[in-house]
Amino acid sequence: QKMPPSLPATINIREPRWDQSTFQGRAKHFFMVTDPRNLLLSGATLEEARRVVEDYRAGTVHPGLTEDQLWRAKYIYDSAFHPDTGEKMILVGRMSAQVPMNMTITGCMLTFYRTTPAVLFWQWVNQSFNAVVNYTNRSGDAPITPSQLGTAYVSATTGAVVTALGLKSLTKHLPAIIGRYVPFVAVAAANCINIPLMRQRELKLGIPVTDENGNRLGESTAAAQKAIFQVVVSRIGMAAPAMAIPPVIMNALEKRAFLKRYPYLNAPLQVGLVGFCLVFATPLCCALFPQKSSMPVSSLEPEVQDQIRKKDPWLETVYFNKGL
């Protein structure tokens with residue numbers, strides 16, 4: 001039997017399979033990264049994918065390896081291992097856990113929004129999950145101390161709860177549909193607090209910036225600010241359809257005899273609707289900005305510009321991992 005031709009060692013698997021300068025290419029990439037089925041892969045499958053990817057990067061091509069198998073291994077590897085540190089990420093912090101986790105938490109926040117204890121509990125659960133995701137998907141290889149972690153977590157949770165309870169009291173005399181949007185506003189406010197605080201070390205010390213070939217040129221706080229802003233916008237966009245569309249549908253359904261007869265279906269229906277929205281919103285909002293983001297050298301801090309000019313006087317653009 002004829003062996004298939006050996007795969008060339010020149011495929012650039014450090015970059016995604018699809019063109020990341022286009023929204024369509026980024027969307028295809030993130031549909032793969034956020035695929036919830038990756039959570040079901042065994043430890044052995046993850047380690048095999050890591051071995052294939054690391055060997056290939058080192059110039060060793062496994063006999064019989066096809067291009068499709070190589071890309072499959074790369075996406076399994078990307079779904080479970082941090083792009084900068086290479087460490088295996090916490091299961092619930094991985095991007096493939098975003099849809100099932102957010103679907104459950106958001107569905108419950110939208111269902112149980114009427115009582116203060118329920119608002120407190122589900123905002124706390126949501127911020128605990130956000131803290132894990134933000135820490136797991138931080139940019140760069142900089143460690144974060146337990147005290148920084150604790151400060152970010154407490155601040156974001158407090159911000160979300162205060163926002164939710166404040167808005168809840170304001171909407172008492174307004175139509176019921178308005179009250180349903182309180183969780184979304186609270187989540188948006190909390191994202192604006194949680195993400196910068198979780199990644200405060202990057203704002204103080206900067207994140208690695210590289211040239212087009214991945215050669216590290218230094219650390220920039222200006223790049224960190226741009227990265228964190230892009231992530232905040234993506235996360236709010238991710239939550240918007242899942243928290244804006246189901247309330248309208250549920251508000252209409254609750255007036256019908258069906259839900260009055262089977263009230264216990266309220267939560268499962270809400271969770272299902274949120275899940276349907278998130279399956280599309282998560283990858284599409286991750287794709288709003290390139291993962292390997294860029295900025296002109298002239299926009300960096302003066303000292304970082306000087307550092308780069310000494311290494312490469314003609315370089316105009318630097319690149320950085322924005323995080324997720």
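In helix α1 (residues 23-33), Gly-25, Arg-26, Ala-27, His-29, Phe-30 and Val-33 are buried. This is a predicted model, in which local features need pLDDT of at least 70, side-chain atom pairs count only at pLDDT 80 or more, and totals for chains, interfaces and linings use all residues. Residues are numbered from 1 along each chain as its sequence is written, and side-chain values use heavy atoms, with hydrogens and water left out.

Q: What covers the buried residues of α1?
A: Buried means under 20% relative accessible area, exposed over 50%, and partly exposed in between (1.4 Å probe, protein chains only). Helices (H or I, at least four residues) are DSSP runs, numbered from the N terminus. Here the cover includes α3 (67-80) and α12 (266-286), where contact means heavy atoms within 4.5 Å.

Q: Which domains does the assignment give?
A: Domain bounds come from an automatic or database domain assignment. For this protein they are domain 1 (23-88) and domain 2 (95-280); 12 residues from domain 1 and 13 residues from domain 2 take part in the contact.

Q: How much area do domain 1 and domain 2 bury between them?
A: Buried area is the accessible area (1.4 Å probe) that two parts lose on being put together, summed over both. The value is about 900 Å², with 59% of it on carbon and sulfur atoms.

Q: How many salt bridges does the rule find across the interface of domain 1 and domain 2?
A: A salt bridge requires a side-chain nitrogen of Lys or Arg within 4 Å of a carboxyl oxygen of Asp or Glu. Across this interface the rule finds 0.

Technical notes:
Helix = DSSP H or I, 4+ residues; strand = E, 2+ residues; numbered from the N terminus.
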